[in-house]
Amino acid sequence: MAIALFTLMVFIVLAATSSLIASSDVRATRDARGGSQAHFVAEAAIAEALQRVNAPGVVNFQNDVVGQWAALWGTSTHAFGPVSGYTYTVTPVPSATNSANAGQFIATADGREGVHNVVVANVLRSVIPLAAPGAIYLATDQQTNATFKGDSFLIDGNDHNMDGSSGSAPPVPGLSTRNDANRLEALNSLNTGGQTGELDNIRGLGFSLSPLTPSILTSPAAPNIVQMNNMIDQWLNGPGVVTKTENSVNSSCKDCLGTTSAPQITHFVNADGYTIKANGNVSGAGIMIVEGDLTIQGSLGFDGLVVVRGRTYVGDPSLTQATGDATVYGSLWTQDINLIVGGSAIIKYSSQALALAGQVAPNNPLPSPLQVLSLADCGLARGGNTGCP
């Protein structure tokens with residue numbers, strides 16, 4: 001009897017041990033699977049955060065991401081649709097040494113039975129901008145008065161390299177406005193001339209020869225005047241800004257506004273604006289910022305971004321003379337209510353030229369995407385993860 005009872009006890013212990021080992025294996029397998037799922041949920045959260053941020057692009061990580069996170073992401077955790085029982089959230093943290101251009105996304109995922117994972121993505125703004133709103137962008141929300149005179153102008157939103165060859169970036173509008181009323185005003189300002197007239201002089205996204213449709217579109221998500229002024233102020237507070245106080249030039253000034261090998265930010269501060277007179281021949285590269293009106297009666301060649309805090313004239317402002325020769329690769333933004341193009345004006349969108357502007361600005365002049373430099377897995381844990389951010 002004693003031997004039988006002992007043998008029975010041994011079998012019971014063995015059975016219990018086997019059951020415990022089996023259940024431990026099942027639990028370990030379940031935990032590993034749940035932890036792995038939590039890890040992939042956290043990585044998916046990083047991907048979603050990048051998608052939300054990169055749709056409009058980033059000018060300043062601290063201001064546009066951290067400062068706007070409640071609007072971009074919301075205040076609650078998100079449920080993970082593909083696998084039930086998992087939630088996630090993301091917190092942006094600016095870099096302590098470069099808050100304008102770099103930071104982290106800290107993604108936290110939680111799942112069934114307390115599985116938990118934290119993934120940290122180190123991110124940096126790209127030097128390549130997403131795109132310009134247009135080859136020419138009318139930044140105001142108020143009524144504009146775009147005027148076109150003659151047939152000697154080309155506004156092209158197709159991407160071009162600075163040597164005139166075709167670029168690889170997607171097209172943007174030839175001319176973009178912030179609302180449909182200004183789009184229609186610009187469209188109605190084009191003279192058909194009985195044939196194509198000026199209608200085929202504005203090309204780019206949405207352009208068609210049959211039916212003839214110029215590339216004039218709205219870009220309501222593009223920077224408004226307040227946002228643009230904030231961007232300009234950031235650039236001007238950076239190093240290397242070349243300030244010019246004169247209000248006109250009537251002589252040769254080749255490369256005096258920077259070169260493609262050494263682009264610069266040139267700031268014209270005269271309240272009377274800046275006029276390139278008939279004998280003026282000015283060229284440069286980088287970013288050109290004009291306080292007041294920009295009047296081109298001579299010749300301007302520029303690669304990069306031209307921002308005018310006033311009206312832009314190519315030709316005589318009274319439109320009595322079709323003078324002026326402007327060739328801009330990149331993008332021209334003008335803030336006031338009138339854009340007047342006369343004489344010879346060639347404005348071609350160029351992502352290559354805008355990259356020059358991105359190099360010279362302390363913060364890239366156009367919204368740019370964030371790129372992930374590295375991903376760090378803070379590990380898997382049940383009910384908490386010590387040592388993680």
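In the predicted model, the lining of the largest pocket is made up of 20 nonpolar, 7 polar and 1 charged residues. The volume of this pocket is about 790 Å³. A total of 28 residues line the largest pocket, and those closest to its centre are P56, G57, A221, P223 and P367. Two helices, α2 (61–66) and α5 (225–236), each contribute at least two residues to the lining. The greatest contribution to the lining comes from α5, which supplies 4 residues.

The chain as a whole contains 6 helices and 25 strands. Of its 389 residues, 47% are buried. Among contacts in the chain with a separation of 6 or more, 67% are between residues 24 or more positions apart.

A further site examined is D200, located in the loop that connects α4 (180–189) with β9 (202–203). D200 is buried but forms no salt bridge. The nearest side chain of opposite charge belongs to R203, at a distance of 4.0 Å. When residues up to four places away in sequence are not counted, D200 is in contact with F207 and L212.

Definitions and conventions. Residues are numbered from 1 along each chain as its sequence is written. This is a predicted model: local features need pLDDT of at least 70, side-chain atom pairs count only at pLDDT 80 or more; totals for chains, interfaces and linings use all residues. Side-chain values use heavy atoms; hydrogens and water are left out. On a 1 Å grid over the protein atoms alone, a cavity is a set of points where a 1.4 Å probe fits but cannot get out, and a pocket is an open set with protein on both sides within 12 Å along at least five of seven lines; lining residues have an atom within 4 Å of a point. Grid points are joined across faces, edges and corners, and a volume is the space filled by probe spheres set on the points. Ala, Val, Leu, Ile, Met, Phe, Trp, Tyr, Cys and Pro count as nonpolar, Asp, Glu, Lys and Arg as charged, and the others, Gly among them, as polar. Buried means under 20% relative accessible area, exposed over 50%, partly exposed in between (1.4 Å probe, protein chains only). Lys and Arg count as positive and Asp and Glu as negative; His and the chain ends are not counted. Contact means heavy atoms within 4.5 Å.
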